[in-house]
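Here is a friendly briefing on the pockets of the structure shown below. Take a look at the model first, and then we can walk through what lines each one.

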Amino acid sequence: MSIKVETLSGETVTLDDDKLEELRMTFRGSLITQEDADYDAVRAVQNGLIDRRPALVIRCSGAADVIDAVNLAREYGLLAAVRSGGHSIAGHSARDGALLIDLSGMRGVWVDPDARLVRVQGGATWGDVDREAQVFNLAVPGGVVSTTGVAGLTLSGGIGWLHRKYGLSCDNLRAVEIVTADGRLRRASELENDDLFWALRGGGGNFGVVTAFEFAAQPVGPIVMCAVPVYADHQDEVFRAWSDWAGTVPDEVTTRAIFWTIPTDPHMPPEIHGRDVLITGALYAGPPDEGEKVLRPLRQLGTPLADLSAPMPYRMFQAAFDFFFVKGQLSSYWKSLMLSGPPSQAADVIVRHGLARTSPESMVHVPLLGGAVNHVNPHATAYAARDASSMLSVDANWRDQDADAHIAWVRQVIADAEKFSTGRPYLSFDSAAPEETPEVVQSAFGDNLERLRDVKRRYDPDNLFRLNANVVPV
Ligand code: FAD
């Protein structure tokens with residue numbers, strides 16, 4: 001059966017039976033259309049709000065498939081989405097009627113413990129990286145949910161539990177292999193295509209399809225001290241005390257405050273199910289006994305309802321939130337702002353809205369930044385937000401049908417918090433609609449945007465890679 005695929009100009013092009021047969025012979029991976037039994041499973045993404053039907057999915061098995069997929073898109077002028085972990089909150093990695101270049105089968109990870117380097121295929125998740133790297137007590141700073149893709153997270157920055165000690169995920173990149181719009185597989189590092197390497201550290205999926213990343217690995221674990229005090233009472237005082245404490249901690253401490261409702265789930269102690277709480281979580285990137293001492297004040301900010309703190313395997317903490325983020329189960333709309341002063345400056349807004357979330361699955365999430373993130377010059381990489389103390393991420397998640405109410409809540413919190421911010425969003429935590437994207441992109445990159453647009457002109461002059469937080473070529 002022939003298929004129609006949307007083109008860059010908004011029209012459609014038909015790929016007939018013969019062409020599809022030729023493509024099936026060419027690719028080592030599989031081609032999936034809506035005729036295939038696994039089409040619905042293949043097109044599903046993390047965010048339950050995003051229910052999109054690509055015309056054709058190419059499930060790549062290696063760089064050769066990626067090259068041919070990019071060449072196909074360019075030759076036919078096809079609108080193409082790129083997917084690895086499928087966690088894009090804005091839904092960039094899914095588009096009705098378009099081509100989908102899917103790397104989720106490319107999950108190899110290789111560790112060189114002597115050189116402390118980790119090589120990761122473009123479709124791997126953070127769980128894949130942690131699994132292999134922890135064999136050698138090494139880690140690459142990643143995110144806080146192990147099913148998130150390495151690619152999307154790294155290309156837009158990457159914050160997690162190690163960023164204050166070791167920097168963003170993108171700061172740990174040493175080299176990238178990428179198929180650019182002309183179908184060439186290139187290597188980008190400080191020594192080769194350094195302009196491209198600069199852009200890939202924060203500039204998102206604008207410059208091609210990454211087939212492999214090489215990261216510096218850091219010594220972490222296998223046991224780390226993790227603090228997870230759960231406060232129900234006096235959340236206003238606890239939040240302000242957390243902010244004061246956070247202003248004093250060494251870079252080994254990465255901490256975040258989360259307003260949330262504890263789910264009724266066997267992963268959580270039954271006595272706290274359904275309670276509206278403030279969690280002040282932290283990981284200490286150093287010896288666990290030292291961590292126990294440094295993190296102790298965090299567990300005494302008030303009288304916790306429960307204290308789940310413990311020394312634990314790094315991998316266990318990395319996957320601690322996975323049970324809550326099951327693929328497709330929650331609809332999500334998130335927005336974020338970088339905060340300029342200590343989080344307590346915005347406490348009135350944060351606490352008021354944190355206590356008035358419109359669904360129990362929603363979170364108000366304040367990760368502390370600074371440390372190694374801010375030791376990097378804002379022009380040294382495309383990622384520009386090197387001056388924020390912390391971030392406010394307003395994450396509406398829901399299972400009901402009240403999308404409008406949840407989205408309105410997010411927008412109200414962001415509007416109220418704007419005056420406490422640097423004005424920048426964190427692109428990975430932003431559900432910007434296409435018409436909002438130019439403004440969001442300008443705010444995120446600031447005066448790095450012109451250079452990004454110039455790099456875009458050199459590597460993707462026709463804006464083939466446009467389903468993302470799009471940088472329009474000069
Ligand atoms: P995908 O949806 O597969 O891709 C998103 C975009 O990235 C694509 O549209 C494309 O533009 C680009 N892209 C993907 N793969 C490639 C590739 N191989 N080559 C080139 N471009 C590519 N972010 C954090 O920083 N820290 C966190 O702790 C964190 N936690 C999260 C938890 C959840 C549950 C969710 C849903 C998101 C979280 N995020 C976090 C945000 C996350 O980093 C972004 O959504 C990111 O884009 C996800 O990457 P992915 O590969 O899974 O996404």
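In this predicted model, the second largest pocket holds about 380 Å³ of space. Its lining is made up of 23 residues, and those closest to its centre are Ser-84, Gly-85, Ser-104, Thr-147 and Lys-327.

**Second largest pocket: who lines it**

- Two helices, helix 2 (39–43) and helix 4 (126–133), each contribute at least two residues to the lining of the second largest pocket.
- Sorted by class, the lining of this second largest pocket has 11 polar, seven charged and five nonpolar residues.

- Strand 20 (331–339), helix 13 (437–445) and helix 14 (449–459) are the elements that give two or more residues to the lining of the largest pocket.
- Which element gives the most to that lining? Helix 13 does, with four residues.

- The lining of the largest pocket divides into 15 nonpolar, nine polar and five charged residues.
- Domain 1 (3–102) and domain 3 (223–436) each provide at least three residues to the lining of the largest pocket.

How values were computed. Residues are numbered from 1 along each chain as its sequence is written. This is a predicted model: local features need pLDDT of at least 70, side-chain atom pairs count only at pLDDT 80 or more; totals for chains, interfaces and linings use all residues. Side-chain values use heavy atoms; hydrogens and water are left out. Ala, Val, Leu, Ile, Met, Phe, Trp, Tyr, Cys and Pro count as nonpolar, Asp, Glu, Lys and Arg as charged, and the others, Gly among them, as polar. Domain bounds come from an automatic or database domain assignment. On a 1 Å grid over the protein atoms alone, a cavity is a set of points where a 1.4 Å probe fits but cannot get out, and a pocket is an open set with protein on both sides within 12 Å along at least five of seven lines; lining residues have an atom within 4 Å of a point. Grid points are joined across faces, edges and corners, and a volume is the space filled by probe spheres set on the points.
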